[in-house]
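Reader: I'm new to this one, so could you take me through it step by step? Here is what I have open.
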Protein chains: 8
Amino acid sequence: MRETLEALAAGELSVTAAEARLAGYATGEAGRFDAAREHRRGVPEAVLADGKSADEVAELVSLAVETTGHGLATRVDQPIADTVHDRLAADRPDATTEFDERTGVFRARAAEYDPPDLDAVVGVVTAGTADTKPAGEAAAAVAEMGATVERIDDVGVAGLHRALDRLDDLRRADVLVVAAGREGALPTVLAGLVDVPVIGLPVASGYGHGGDGEAALAGLLQSCTVLTTVNVDAGFVAGAQAGLVARAIDAARDG
Amino acid sequence: MRETLEALAAGELSVTAAEARLAGYATGEAGRFDAAREHRRGVPEAVLADGKSADEVAELVSLAVETTGHGLATRVDQPIADTVHDRLAADRPDATTEFDERTGVFRARAAEYDPPDLDAVVGVVTAGTADTKPAGEAAAAVAEMGATVERIDDVGVAGLHRALDRLDDLRRADVLVVAAGREGALPTVLAGLVDVPVIGLPVASGYGHGGDGEAALAGLLQSCTVLTTVNVDAGFVAGAQAGLVARAIDAARDG
Amino acid sequence: MRETLEALAAGELSVTAAEARLAGYATGEAGRFDAAREHRRGVPEAVLADGKSADEVAELVSLAVETTGHGLATRVDQPIADTVHDRLAADRPDATTEFDERTGVFRARAAEYDPPDLDAVVGVVTAGTADTKPAGEAAAAVAEMGATVERIDDVGVAGLHRALDRLDDLRRADVLVVAAGREGALPTVLAGLVDVPVIGLPVASGYGHGGDGEAALAGLLQSCTVLTTVNVDAGFVAGAQAGLVARAIDAARDG
Amino acid sequence: MRETLEALAAGELSVTAAEARLAGYATGEAGRFDAAREHRRGVPEAVLADGKSADEVAELVSLAVETTGHGLATRVDQPIADTVHDRLAADRPDATTEFDERTGVFRARAAEYDPPDLDAVVGVVTAGTADTKPAGEAAAAVAEMGATVERIDDVGVAGLHRALDRLDDLRRADVLVVAAGREGALPTVLAGLVDVPVIGLPVASGYGHGGDGEAALAGLLQSCTVLTTVNVDAGFVAGAQAGLVARAIDAARDG
Amino acid sequence: MRETLEALAAGELSVTAAEARLAGYATGEAGRFDAAREHRRGVPEAVLADGKSADEVAELVSLAVETTGHGLATRVDQPIADTVHDRLAADRPDATTEFDERTGVFRARAAEYDPPDLDAVVGVVTAGTADTKPAGEAAAAVAEMGATVERIDDVGVAGLHRALDRLDDLRRADVLVVAAGREGALPTVLAGLVDVPVIGLPVASGYGHGGDGEAALAGLLQSCTVLTTVNVDAGFVAGAQAGLVARAIDAARDG
Amino acid sequence: MRETLEALAAGELSVTAAEARLAGYATGEAGRFDAAREHRRGVPEAVLADGKSADEVAELVSLAVETTGHGLATRVDQPIADTVHDRLAADRPDATTEFDERTGVFRARAAEYDPPDLDAVVGVVTAGTADTKPAGEAAAAVAEMGATVERIDDVGVAGLHRALDRLDDLRRADVLVVAAGREGALPTVLAGLVDVPVIGLPVASGYGHGGDGEAALAGLLQSCTVLTTVNVDAGFVAGAQAGLVARAIDAARDG
Amino acid sequence: MRETLEALAAGELSVTAAEARLAGYATGEAGRFDAAREHRRGVPEAVLADGKSADEVAELVSLAVETTGHGLATRVDQPIADTVHDRLAADRPDATTEFDERTGVFRARAAEYDPPDLDAVVGVVTAGTADTKPAGEAAAAVAEMGATVERIDDVGVAGLHRALDRLDDLRRADVLVVAAGREGALPTVLAGLVDVPVIGLPVASGYGHGGDGEAALAGLLQSCTVLTTVNVDAGFVAGAQAGLVARAIDAARDG
Amino acid sequence: MRETLEALAAGELSVTAAEARLAGYATGEAGRFDAAREHRRGVPEAVLADGKSADEVAELVSLAVETTGHGLATRVDQPIADTVHDRLAADRPDATTEFDERTGVFRARAAEYDPPDLDAVVGVVTAGTADTKPAGEAAAAVAEMGATVERIDDVGVAGLHRALDRLDDLRRADVLVVAAGREGALPTVLAGLVDVPVIGLPVASGYGHGGDGEAALAGLLQSCTVLTTVNVDAGFVAGAQAGLVARAIDAARDG
């Protein structure tokens with residue numbers, strides 16, 4: 001602790017960073033950032049932009065970069081991305097940022113940030129075009145945790161041959177995240193064909209009864225094969241869980 | 001009409017049968033039997049035993065035999081079957097009866113009954129053991145309407161090769177009834193592989209969220225392929241609809 | 001296969017069309033189009049515009065025209081229709097397009113496209129004005145598959161005589177698609193009067209408890225007559241299933 | 001009040017009856033009976049046997065007879081009926097009782113009870129056998145309030161001619177209670193044909209999605225005609241509301 | 001019939017009016033107007049503006065005026081009201097119109113229209129400000145049917161004295177429509193205090209669990225007093241049902 | 001801690017009691033009893049008998065008596081009560097037990113147990129007979145925590161005068177627990193009349209839509225007055241929360 | 001009463017204020033304001049701006065200030081706040097107003113208003129940034145009732161140490177309001193650690209299944225600890241209930 | 001294949017075992033057993049006894065032993081266990097069986113069966129007594145797949161210290177299965193404290209709103225930490241998924 005206080009006194013450390021080191025969190029105007037989560041949990045703390053103002057997102061991402069060297073925000077649109085970018089340009093001119101409008105993921109990294117690198121492959125699978133956003137979120141979480149992402153797209157069960165054509169790629173992954181909307185049959189079909197953990201990611205496509213992803217979610221919970229699931233459109237959670245499995249495998253390979 | 005009245009006066013026709021011919025229905029103690037439905041609708045009127053006493057079922061089946069020459073009851077258990085059998089033995093000693101405990105279907109036919117015979121094949125498909133009862137109901141409805149039943153059992157998607165092994169049989173049918181519980185993925189997968197109408201039959205297996213067939217039903221309604229569905233466990237309805245399609249095809253072949 | 005490769009080498013076939021012939025699908029920027037579905041399934045692959053950008057819809061319709069000679073998109077509004085039209089005008093100047101704003105259906109056909117022609121009649125029935133859109137979708141699917149569409153409109157059960165006045169028209173069809181919102185009683189009433197297959201199409205009219213078509217759907221699933229159903233507002237699915245029945249009848253008539 | 005107290009002192013009135021006259025309710029071991037309701041509300045207070053012990057039902061019916069001259073209990077089975085009968089035989093040997101097992105209604109009347117007599121007709125309509133119990137409850141409530149009950153049974157919409165055959169009877173009633181389970185279409189169809197108030201009574205028949213009367217209830221709430229509804233199987237409420245309308249008409253006819 | 005045809009030939013009757021007299025309905029571009037409903041049913045056919053274009057509403061109101069002498073539309077906003085007004089000004093310069101923005105009700109009457117006049121009072125009760133719109137719809141339906149409307153406003157149960165202060169007014173009505181949102185307790189409390197029929201009108205106020213009127217509706221269905229209900233915000237249905245009761249009372253008074 | 005260990009070594013303390021003092025919980029065959037909860041939380045730990053075997057309940061109650069001097073079990077039936085009684089007779093012959101079959105509450109107290117005594121009154125109110133069990137549970141929790149229970153029974157809103165007659169008693173309490181099933185209007189009505197905290201206790205009476213207490217719960221959550229609620233039939237929770245308020249008031253009065 | 005009338009006659013009292021004193025409510029154009037509620041109930045009547053026009057809110061707040069000396073409105077946005085402010089500036093130039101956009105609470109106080117002052121502390125706790133609005137509403141209600149508010153923010157269970165760090169603050173309060181969205185675990189965890197009443201305030205954050213606060217609400221109702229709950233986002237109700245507990249404690253301390 | 005056929009011809013292999021080797025499944029009277037699943041999927045095929053007759057379970061377990069050397073059945077009660085035991089005693093006298101009534105798991109192993117052995121630890125955690133059965137199912141699946149099971153019981157969040165006392169054990173596992181009923185907060189709390197994958201297992205305890213495990217499931221899906229979930233009471237699925245992660249780690253450690 002003394003070290004931290006000395007660095008603070010010497011101006012080598014911001015108050016925010018000092019608080020994060022000592023208390024495990026950093027307090028900003030938009031709330032408190034759980035700076036210790038990544039270390040404690042192995043998962044980066046992502047800022048969910050839904051229901052937050054652009055300034056709140058920018059504040060939290062900036063806190064993240066200051067206390068952990070990098071930041072991730074999900075469900076970001078272009079105006080929010082611009083605000084966060086500008087804020088970081090002011091706060092941390094050394095940081096690089098990246099925004100992908102199709103997946104809504106914003107990423108920032110300080111110059112000195114040393115990203116993790118895991119020896120494990122996570123397959124991220126989609127049934128069709130409507131799965132792009134949550135699957136992209138999942139892939140971003142996996143990538144940020146350092147595992148290799150293998151994308152296998154547009155293999156929905158309405159045309160079964162599309163999936164069977166990619167069986168080798170599917171079997172090469174150490175763990176699969178399988179996104180699917182509508183009736184959500186794809187994760188069940190794939191989980192009957194591979195021997196690695198499958199994480200179902202229900203997608204809020206569809207309409208009428210069972211729409212908004214409820215049919216897909218119920219189908220995953222009732223699946224006649226072995227798999228686990230996350231909530232509808234919870235791409236980050238699915239990806240981060242896959243990342244935790246990848247970390248465990250990487251550690252064992254290292255071991 | 002005169003003919004009917006003369007036959008009644010001459011004692012050649014029961015009052016019940018006369019009422020059925022003239023009014024289209026026959027009134028008994030357990031309610032009114034819609035004797036004209038089969039002719040008007042092309043579908044035999046089946047007695048649903050659920051929520052009726054054994055005596056009511058027996059009364060209604062007896063009315064059916066008297067006015068249409070045959071009778072069908074579904075969701076019958078052994079004690080009800082015994083009561084119906086005894087009642088028919090008394091009322092119509094010429095009638096033959098048949099009861100299958102696994103499917104809960106009871107059938108009775110008067111000696112003079114001339115069953116229909118359709119030149120069309122209905123495939124009745126199950127994903128697994130839990131689908132036996134509703135699929136059996138569907139098959140019984142199809143058979144009573146005179147179409148050929150082709151059973152394709154235990155081809156659930158958890159082991160996809162089981163379905164692919166039967167693809168030729170599936171494609172040979174003129175129309176398919178596909179039963180499936182749990183997540184209900186089988187009808188969707190099969191409807192992507194054949195070019196005939198597929199009728200989904202959700203089954204009330206499964207437990208927890210989406211149990212009692214709700215996940216399967218929602219999955220069928222959200223299916224990313226073209227199919228129609230009936231209510232959970234509505235085997236008779238699925239079979240009778242398939243029978244109507246078979247009748248139309250038979251008529252066209254005759255045509 | 002050689003034939004395809006030679007045509008490609010000779011510049012007589014686009015890469016897209018070649019991929020579609022060989023792999024059964026064509027890959028574009030907006031995803032993969034299942035070009036083999038129509039042949040395998042007997043149903044044209046329609047592009048659901050809901051939740052897609054105008055460019056994605058245009059891309060997919062263009063792929064459809066290129067690989068199957070025609071394209072169909074549903075739930076299209078005027079701006080999307082304009083985009084698709086412009087894209088096709090550039091990609092396929094020979095193609096004709098058609099857009100009906102009231103039903104939201106967009107259709108495109110290449111000059112050389114030879115549409116199917118089935119010897120069968122599909123009745124498309126509405127209870128009232130609110131059913132126009134899904135019933136129009138259903139009729140478009142039927143027409144695209146080549147069957148004759150017979151429209152029977154505004155015959156809701158609140159004024160029963162309106163339906164009874166059209167009984168002859170109803171009985172003339174080979175299969176009926178019956179749309180109904182609110183309490184959804186019309187398909188049940190009609191299915192008690194005709195002897196052909198009836199496909200219920202619940203419509204998302206109504207408000208309060210059971211609104212958004214849920215009451216109509218539940219009523220169709222609980223119908224005391226024989227019929228099957230599709231999801232709320234799933235006009236394309238209802239029409240395509242009717243089209244499959246029409247195809248089977250046509251084949252039998254040909255047979 | 002003095003009169004009541006004098007009668008009590010003179011032994012001409014029980015403590016219970018005195019409490020009922022003064023406070024409007026009578027207190028027994030099984031709770032408090034709202035003796036003033038019938039006068040205040042125009043509706044007899046019926047004892048719902050569901051979830052009460054036989055002794056509690058007997059106590060409450062006995063209180064009802066003592067304070068209002070008559071008693072009504074619903075959802076009674078044979079053992080409860082026997083207990084209530086025995087209790088009344090002991091408490092009020094002058095009272096006559098009546099129990100109908102098919103409808104579950106128990107009725108008791110003191111010798112001096114002078115039942116009301118209304119100049120109005122309530123039609124009680126059923127779609128089929130499954131509606132017997134709630135329709136019977138409704139009819140019992142109507143009868144207890146003094147209106148004439150006209151039963152019109154087994155006229156479900158699957159065979160529309162059955163209802164059309166009874167149109168004159170339907171139009172003769174001053175108000176209709178229409179019971180219906182499954183999809184509950186009958187009240188909607190009838191309410192389009194008559195010009196008196198229609199009260200829908202959804203019945204808990206049916207199975208699967210929308211079962212337990214939920215589809216019928218939702219259908220009544222969404223009805224495209226004018227009608228009001230009660231809860232599933234709430235036969236007493238439907239009958240009593242019809243009775244209140246009959247009372248108003250009777251009063252107007254008297255007027 | 002001849003009379004109608006002669007009037008048409010003589011130009012004294014429009015084609016629309018002739019069709020309405022002969023067939024019971026009139027066909028316009030926006031669908032078919034059930035012109036016979038008012039006569040058959042005793043309830044004016046109101047045009048529900050929700051989900052219809054301004055032109056469709058105008059067309060249907062104009063048909064109503066032409067065939068029945070008056071027209072009613074509900075859930076109308078100012079722009080729609082303007083369109084309907086302009087259309088009527090063109091089609092029927094003799095007609096008078098009236099629009100109340102707070103209740104969303106639009107009314108039109110031809111010069112020769114002779115409105116009904118019933119000798120009966122309908123009380124329309126609200127719990128608070130949020131009930132204004134559906135209660136206004138109910139009152140408009142009652143008024144159009146010719147009964148006297150008695151408004152009793154802002155008597156919600158949170159301040160019970162407000163309702164008790166109006167007890168005499170409440171008891172003066174022949175039938176009550178009681179609107180209530182949130183927990184919907186008011187109709188239950190009032191139905192315990194009066195001896196006329198009470199029709200509950202649940203209102204879509206409230207938020208969170210049971211919001212959108214679902215708690216109020218469920219409370220009305222479970223009410224421990226006798227009352228019937230309509231769907232959430234179904235003011236027109238509640239008012240029209242009260243109007244039917246008023247008609248019956250009026251007829252009896254006349255009788 | 002040394003004290004505890006010395007007492008254990010000297011045989012003055014059981015191992016169980018020693019574990020409870022040191023770790024805050026005691027481990028038995030049926031699970032772990034949270035012996036410190038009462039001290040930490042101010043609420044006795046009650047054993048919920050639902051879903052436990054008689055032996056498990058007996059084991060846990062015995063652990064409770066051993067470690068805290070008293071024990072409480074809810075949802076107990078006679079056979080379970082007998083088992084618990086026998087077990088305690090063997091384990092703790094000094095303890096007294098009490099079982100009330102109507103409320104399902106079982107209570108045991110060691111000879112040396114010194115029950116708390118709070119200077120505060122909790123009113124426990126019921127609408128009718130059906131509320132007996134959960135209200136009894138609530139009263140038992142209050143009594144066990146030492147507050148005075150004031151019962152106010154059978155004051156449901158269908159007869160409003162019954163509640164108004166008891167207004168003085170209602171206002172005398174420091175906090176109210178108000179049970180109500182069906183539409184659950186009573187807590188809302190009472191909370192508009194008193195100025196102390198009201199805790200609503202929804203009861204699982206009623207049937208059909210909103211049955212099993214769901215309508216009552218939704219009504220409490222939507223109440224237009226200020227109150228909080230517990231889950232359906234959660235009498236113990238309602239009573240214990242009232243007890244916590246009573247404790248705070250008692251402490252302030254002492255203060 | 002005479003006093004009030006004399007003051008009115010003398011022009012010392014407005015008609016509104018006189019009506020409020022005599023009848024307990026004041027009638028304006030936007031409805032009736034329950035001026036006696038605060039006195040009868042101990043809770044200020046807050047105006048819920050949701051679903052009201054700016055003018056209606058202004059009218060009601062002005063009535064509140066006129067009849068009770070202060071006014072509170074919730075779910076107010078900036079345009080409504082401006083309207084209310086302007087209205088009060090005109091009606092009551094002496095009044096001070098205050099608007100907090102982040103919590104949506106508007107407050108007005110007449111110059112002569114003497115706010116209550118309670119000797120009790122209410123802790124208002126949030127799990128994270130998304131809880132700001134409802135927690136702010138709760139705090140405003142508490143403050144308006146005169147208790148001391150202690151805010152404890154951002155202590156969600158994902159980083160348990162944040163809550164444990166604040167345990168002393170949590171234990172210092174007399175009663176806790178604990179807001180939480182998503183899975184709503186925080187109130188349960190805290191209620192296991194303190195011995196004062198805990199009121200759960202579920203928040204409508206989250207998405208997919210159980211979103212809109214439904215998961216948090218269900219979790220509070222199922223909590224394995226003792227607590228009560230309010231509806232989703234019902235911050236005012238939670239705060240006012242805490243205020244009532246604070247009043248009782250304050251009275252006891254005074255006592 | 002020849003090898004298999006020769007062994008069959010030589011009587012060294014049963015027809016069943018031969019079919020299993022060649023087709024991947026074995027057909028018995030009770031349906032088809034997917035003998036290849038374990039190899040293809042890495043998960044043993046468990047027989048779910050729910051909804052199957054004792055004979056069907058026995059038949060399927062016997063098929064499993066014959067074709068894969070071992071068998072597992074879940075949700076078994078004592079009578080079914082006896083039937084299966086007897087059947088195996090007849091079919092495979094060499095097999096050993098084991099039945100645990102508290103968890104409902106039945107296990108059989110042929111003499112020659114060589115169970116897998118994985119170098120990985122799966123923690124199986126319960127909140128309380130009510131979680132015994134599903135947690136036991138999960139542990140059985142893990143054990144059958146060869147991983148080490150570490151049980152951590154009775155650490156529910158109502159007494160947080162119980163979980164904190166076991167933190168070292170929790171962190172020692174490679175993957176955690178955390179069972180929890182009621183509000184289901186435990187998995188969320190634990191997932192905030194460890195850096196390995198957590199699989200939530202919602203349990204069908206609790207009552208009222210959100211009962212039957214629905215609140216726990218919704219809470220897991222909304223968890224503010226990273227975890228995945230299975231359906232309510234799906235202990236086998238949770239355990240098998242943990243087993244798949246353990247297999248991947250074991251393979252990596254071997255690697």
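Author: Before anything else, domain bounds here come from an automatic or database domain assignment. Please also keep in mind that this is a predicted model.

Reader: Okay, which domains does the assignment give for chain A?
Author: For chain A, the assignment gives domain 1, covering 2-109, and domain 2, covering 121-254.

Reader: And how far apart do the C-alpha centres of the two lie?
Author: The C-alpha centres of domain 1 of chain A and domain 2 of chain A are 28 Å apart. Where the domains are in contact, domain 1 of chain A contributes 15 residues and domain 2 of chain A contributes 13 residues.

Reader: What area is buried between them?
Author: About 1,300 Å² is buried between domain 1 of chain A and domain 2 of chain A, and carbon and sulfur atoms give 61% of that area. On the domain 1 side, the residues that lose the most area to domain 2 of chain A are Arg75(A), Arg102(A) and Thr103(A), which together make up 33% of what that side buries.

Reader: Switching topic, how many salt bridges are found across the interface?
Author: Three salt bridges are found across the interface of domain 1 and domain 2 of chain A, and four residue pairs are in polar contact across that interface. The elements giving two or more residues to the side of domain 1 of chain A that touches domain 2 are strand S4 (70-74) and strand S6 (105-109) of chain A.

Reader: How do the residues of that side of domain 1 divide into nonpolar, polar and charged?
Author: The residues on the side of domain 1 of chain A that touches domain 2 of chain A divide into five nonpolar, five polar and five charged.

Methods: Residues numbered from 1 in each chain as written. Chains lettered and ligands numbered in written order. Predicted model: local features only at pLDDT ≥ 70, side-chain atom pairs only at ≥ 80, totals over all residues. Heavy atoms only, no water. Contact = heavy atoms within 4.5 Å. Buried area = accessible area lost by both parts, 1.4 Å probe. Salt bridge = Lys/Arg side-chain N within 4 Å of Asp/Glu carboxyl O. Polar contact = N/O pair within 3.5 Å; in protein donor to acceptor, adjacent residues only side chain to side chain. Helix = DSSP H or I, 4+ residues; strand = E, 2+ residues; numbered from the N terminus. Nonpolar A, V, L, I, M, F, W, Y, C, P; charged D, E, K, R; others polar.
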